[in-house]
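Please open the model in your viewer and keep a selection panel at hand. The tour below moves from one selection to the next and says what is found at each stop.

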2 protein chains.
Amino acid sequence: MAGNTSGRKSTIYDIAKATGSSTSTVSMVLNGTWRRYRIKEETANRVLESARKLGYHVNMKARGLRLSRSGLAGMVLPHYRNRFFAGLAQTFEDQARSRGLCPIVVGTQRDPAVEASVTQTLLSQRVELLFIAGVRNPAPLNALCAAAGVPSINVDLPGDGAPSVVSDNRGGARAITDVLIDKLIARRESPDELILLGGIPGEYATAMRIAGFRDAFEARGIALKADAVDSCGYNAASARNALALRHEKLGRLPSGLLMNSITAFEGFVQFTSTLSPEAWRSAVVGCFDWDPFAAHLSFDVTMLRQDVQTIISEAFALADHYDPADRSVVLVPTGFGKMFEEAEQTKEFDR
Amino acid sequence: MAGNTSGRKSTIYDIAKATGSSTSTVSMVLNGTWRRYRIKEETANRVLESARKLGYHVNMKARGLRLSRSGLAGMVLPHYRNRFFAGLAQTFEDQARSRGLCPIVVGTQRDPAVEASVTQTLLSQRVELLFIAGVRNPAPLNALCAAAGVPSINVDLPGDGAPSVVSDNRGGARAITDVLIDKLIARRESPDELILLGGIPGEYATAMRIAGFRDAFEARGIALKADAVDSCGYNAASARNALALRHEKLGRLPSGLLMNSITAFEGFVQFTSTLSPEAWRSAVVGCFDWDPFAAHLSFDVTMLRQDVQTIISEAFALADHYDPADRSVVLVPTGFGKMFEEAEQTKEFDR
DNA sequence: CTGTTAGCGCCTTCAC
DNA sequence: GTGAAGGCGCTAACAG
């Protein structure tokens with residue numbers, strides 16, 4: 001097997017000794033800048049060959065120390081449990097790699113203490129930029145980065161300590177509400193029975209989505225019922241309970257439902273699975289976010305999908321022209337169903 | 001706001017100058033080892049205060065260079081799109097952090113070229129250990145790590161270049177097949193109509209699962225039909241097509257199905273959603289892997305769940321007592337349904 | 001109790 | 001064309 005047997009990693013000194021050249025020659029060759037220094041091709045080849053044989057890898061710690069560039073790009077996000085965050089992570093990795101950076105993404109479980117300590121760690125590793133995704137109050141993290149002179153960008157949830165790029169929740173809500181209202185009308189059902197379920201009062205995404213929901217009704221001059229919006233929380237259990245209450249009061253499922261998150265939608269599925277198929281197949285359902293299983297349920301379900309590609313591109317663009325004083329918020333449009341599916345391609349071996 | 005205004009990160013020299021002490025004093029204080037060196041508490045406080053004011057963070061690059069310890073733990077995995085890999089990533093991060101390491105996990109999309117280059121990058125960053133998950137042929141990656149003197153552990157898919165920890169696919173298949181056969185018998189249906197759908201002939205996990213599937217039948221003395229096992233591939237489309245063929249030939253759905261992956265199960269859901277509920281509600285279904293939506297579908301579905309906690313713990317244990325010559329394979333038992341759910345807890349704000 | 005110093009591995013400038 | 005030398009920020013002896 002190739003490689004040194006000593007267990008110690010090989011350095012440019014080892015290569016220099018092995019090839020009888022000097023460390024600077026080795027360095028130049030390994031960096032591809034040797035042509036500029038008119039180093040003999042033969043020498044270069046000898047060095048390259050030796051490096052391969054010794055199983056040499058640049059020590060980014062040393063290079064980074066010297067060049068004060070770590071080659072690391074960081075991203076913190078709550079978790080990988082839904083397609084949106086999984087897609088963000090994936091896209092971030094791809095784009096970071098294509099820029100020659102090593103992506104390093106960390107899940108924080110939405111724990112502010114973890115968020116802070118992870119940020120510190122990433123800063124210690126000297127990441128060259130940091131994307132902060134899905135953090136409710138990113139300001140302290142932005143401050144940390146600012147103090148270290150590292151560009152930080154807020155993603156998905158805006159903050160006032162750095163520029164942000166977020167999905168156009170309001171526009172998306174407006175669009176999906178329009179679709180659902182049209183469907184209800186086509187079925188000769190009353191649009192004002194449509195309810196928006198899930199989310200947290202006062203929370204940014206919820207507020208935006210409620211606004212978009214209202215926009216759609218206002219544009220048609222339809223009055224919203226008092227209980228049309230129920231911000232019962234994001235998680236499955238709360239949505240399930242809220243739905244059970246509605247079901248009991250109404251004696252049946254509402255004819256139209258817009259679920260405020262994939263987890264709320266989970267609660268919806270959990271509840272309806274206790275009902276008979278006839279009882280729920282007729283409901284018109286919409287959901288913020290997308291999931292492959294949910295998309296194929298036997299409902300008439302419309303799913304809003306976020307454009308992770310554009311979100312990440314915009315974030316990198318912001319980082320490129322980083323201005324510490326910039327507080328702009330970039331809005332990225334959403335789409336329906338299978339849009340933005342490129343990233344979902346599966347290989348033959350994927351399971 | 002705290003922090004230097006120069007944009008340059010502050011160093012221990014800055015602190016030393018600011019506090020009128022020497023770099024070693026600062027270093028000791030910052031490392032918490034100052035008590036041992038009997039440094040005056042007052043001095044220590046002065047240093048700490050100054051560090052805070054200057055927005056100082058250790059430069060792990062420099063410390064790593066000096067100590068030849070990077071504080072980085074690496075993991076490569078195919079993607080985050082299913083709960084198993086997402087759970088592996090999450091658990092890895094948690095355990096790495098609790099060991100004082102900075103987790104750095106990278107998705108490779110199952111592309112061998114990406115796998116290799118990512119490994120090189122991680123090695124360059126001087127990760128202290130590398131977990132290689134879901135890689136079909138980890139041998140080259142193991143070789144790379146070995147050459148660099150970095151412990152590597154294969155996870156999920158074993159390899160002969162390093163120790164491995166994998167789920168007990170055969171035992172799990174045996175157990176879930178038993179459950180399904182019992183259910184069929186309880187419904188007075190013939191167990192030999194149970195089929196195993198999905199996977200790739202010759203691939204490790206598929207082979208193990210087929211063996212377990214056979215074990216269950218053999219133990220009961222039931223003969224397996226010739227077409228009981230259909231390794232039609234892992235992805236949703238192939239499973240959907242294979243199922244459509246069966247459906248056409250049989251004139252109905254098979255009474256029992258064991259899907260070889262969550263993606264194959266996706267194909268199953270896609271196909272059955274085109275059928276009437278009566279046509280599929282009676283089927284007895286099983287699946288390797290778990291998903292929150294799939295778990296609440298209106299099927300009688302039994303899902304096998306992998307124990308990511310134990311898998312990662314075992315992998316760390318292997319890394320702790322790393323022996324380059326070790327080629328052992330640790331088998332981790334699987335469980336059903338909601339087992340191992342601790343990691344799935346969602347917070348109020350989770351969406 | 002605290003300061004001085006010698007590298008960790010690499011890159012770059014400047015002589016030769 | 002190539003070698004020597006300095007220094008990136010930090011730590012651990014070793015002197016005081």
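The stops that follow cover the protein surface around a DNA strand and then a set of salt bridges.

Before selecting anything, note that this is a predicted model, in which local features need pLDDT of at least 70 and side-chain atom pairs count only at pLDDT 80 or more, while totals for chains, interfaces and linings use all residues. Residues are numbered from 1 along each chain as its sequence is written, chains are lettered from A and ligands numbered from 1 in the order in which they are written, and side-chain values use heavy atoms, with hydrogens and water left out.

**DNA strand C**

Select DNA strand C together with the 25 residues around it, of which Tyr56(A), Arg63(A), Arg66(A), Arg38(B) and Arg66(B) come nearest; a residue is near a strand if one of its heavy atoms lies within 4 Å of it. Of the atoms of DNA strand C that come within 4 Å of the protein, 58% belong to sugar and phosphate.

Colour the helices (DSSP runs of H or I, at least four residues, numbered from the N terminus) and look for α4(A), which gives the most to the surface near DNA strand C, with four residues.

**Salt bridges**

Which residue forms a salt bridge with Arg174(A)? Select Asp178(A), and the closest N and O atoms of the pair are found 3.1 Å apart, a salt bridge being a side-chain nitrogen of Lys or Arg within 4 Å of a carboxyl oxygen of Asp or Glu. Both residues lie in helix α8 (residues 169-186) of chain A, and because they are four residues apart there, about one helical turn separates them. Arg174(A) is partly exposed at a relative accessible area of 32%, whereas Asp178(A) is buried at 16% (buried is under 20%, exposed over 50%, partly exposed in between, with a 1.4 Å probe and protein chains only).

Finally, move to chain B and select Arg170(B) and Asp215(B), whose side chains meet in a salt bridge of 2.8 Å, N to O. Arg170(B) lies in helix α8 and Asp215(B) in helix α9 (residues 204-220) of chain B, so this pair ties together parts that are 45 residues apart in sequence.

Conventions: Helices (H or I, at least four residues) and strands (E, at least two) are DSSP runs, numbered from the N terminus.
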